[in-house]
Amino acid sequence: MQNAVLELKGSSFTLSVLHINSKDLDRLLTELDAKLAQAPQFFVNAPLVLNLAKLADDLPDLAALKQALHQRNLFVVGLTGIDSAKADIAAKLQLPLMKSGKDSKNTPAKAVVPARSTKIVKQNVRSGQQIYAANADLIVFGAVSNGAEVIADGSIHVYGTLRGKAMAGAQGDNHAVIIAKTLSAELVSIAGNYWLSDSIQEHTNGSGACVRLDGESLIIESLPL
Amino acid sequence: MAQIIVVTSGKGGVGKTTSSAAIATGLALKGHKTVVIDFDIGLRNLDLIMGCERRVVYDFVNVINGEANLNQALIKDKRCDKLFVLPASQTRDKDALTKEGVGKVLEDLSKDFDYILCDSPAGIETGAMMALYFADTAIVTTNPEVSSVRDSDRILGMLQSRSRRAEQSLEPVKEYLLLTRYAPTRVKTGEMLSVEDVQEILAIPLLGVIPESQSVLKASNSGVPVIVDQQSDAGQAYADAVARLLGEDVPLRFVAEEKKGLLKRIFGS
């Protein structure tokens, strides 16, 4: 088989972002020159992202600005702070529209906000069965067998023996917990942080327990249930 | 209306057919008109255990396809005139069973019989699903070891979600645990799960515990259901299970280690 001659991988880079707060090109360049004079070496051939968030529709002549920056050995590699409806501005300049990590994280967080409900299962969850409580806490009045899976976007309560797999905070809620009358699970997971039965056994005595997330790692507290 | 009982397990080789034959015979001997149906299409065994393999002319699939009527296919047991066997086809496969076909046959049988026993094949595919779909009662045959217990658990999940009673939101299928091939000595040494262990995991009422016994193999080979041999421990245990199925309160036997007599202790068993 022939070896691939290219590979596509994601990496993150630290880029300087130039925030543009005025459409007056002359004022911008005067201020910029003053800044560059403080540390001339630092900015040589530096890639720059222009942030236009402060300017609504009142944009400066971006082509001229790009040109002026280039003369000062600064390379504009992208635009940010303009909504995607105005993508043609970036296209004209042959620059990509960029979204900072902060912006993209904020959007789904808002979507998760709606209040949670509760799903109740009044029987044993048998091997091979899978129960998912979407945007809800899950309460099982019975046991969860080996080979069964209970999943919830919220917390999971099992008022019986938990022998199967339990995954709480399936959409990434760090505050979700798993509570079982007897914890002897194959796997417990909270917001993607999981332990297999071996690790669980080390931290329990086979009694009631609460599994929660403390920072990055799971902890199991025994409960007198 | 007949009561439809499925004998099922998920796992193979745990004693479904042996148990079907024994329980069907037990019900018939108690005076209930009973038919036992072999759902293991392609791997016909029930007729051997019942000792009627030489009398099979038409089978279950022939009846479903309308190639024979029920009276032609039903085989009357030679020991008990209340007992009938509907054998499986050996030349077909499980796809020959359709929900409509099976439903029609069971409906016709319901008019004449008190109990219909469905001997399920192993697995969770078409054959097993057809056997359990119409059930009113399920006897989950389980050996005291982890893989069998887990498969039984899976089947219990299927009964709760895939049976006719579940689909039509009727009263759920009555589930009973039948623990077979139980050896108290090996339970004591920790080689085998105990009755309590299995019951704790499966959490369904116990119908009976059948001890591991030489008499079962002997009975199978001679084509006589083991329940007929009332001298044997397994035969007696099946009789107890049948009594419990009929609502009698019978104490559990053969679950404790047999006390050996002085001679046995000296000379071994």
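Start with chain A, where the domain assignment gives domain 1 (16-103) and domain 2 (117-222); such bounds come from an automatic or database domain assignment. This is a predicted model, in which local features need pLDDT of at least 70, side-chain atom pairs count only at pLDDT 80 or more, and totals for chains, interfaces and linings use all residues. Residues are numbered from 1 along each chain as its sequence is written, chains are lettered from A and ligands numbered from 1 in the order in which they are written, and side-chain values use heavy atoms, with hydrogens and water left out.

**Two domains of chain A**

Select domain 1 and domain 2 of chain A together. Their centres, taken over C-alpha atoms, lie 50 Å apart.

Now select residues 120-221 of chain A. An unreviewed UniProt entry lists them as "domain: Septum formation inhibitor MinC C-terminal". UniProt positions are given in the numbering used here, feature names are shortened, and annotations may be inferred rather than shown by experiment. Over residues 120-221, chain A is 51% strand and 7% helix. The end C-alpha atoms of that stretch are 24 Å apart. Helices (H or I, at least four residues) and strands (E, at least two) are DSSP runs, numbered from the N terminus.

**Two backbone stops**

Most residues other than glycine have a negative phi.

Go to A:Q94, in the loop between helix 3 (87-92) and helix 4 (101-112) of chain A. A:Q94 is not a glycine, yet its phi is positive, about 55°.

Is A:Q94 buried or exposed? A:Q94 counts as exposed, at 71% relative accessibility. Buried means under 20% relative accessible area, exposed over 50%, partly exposed in between (1.4 Å probe, protein chains only).

Finish at B:A203, in the loop between helix 10 (195-202) and strand 8 (206-211) of chain B. Phi of B:A203 is positive, near 50°. B:A203 is partly exposed, with a relative accessible area of 44%.
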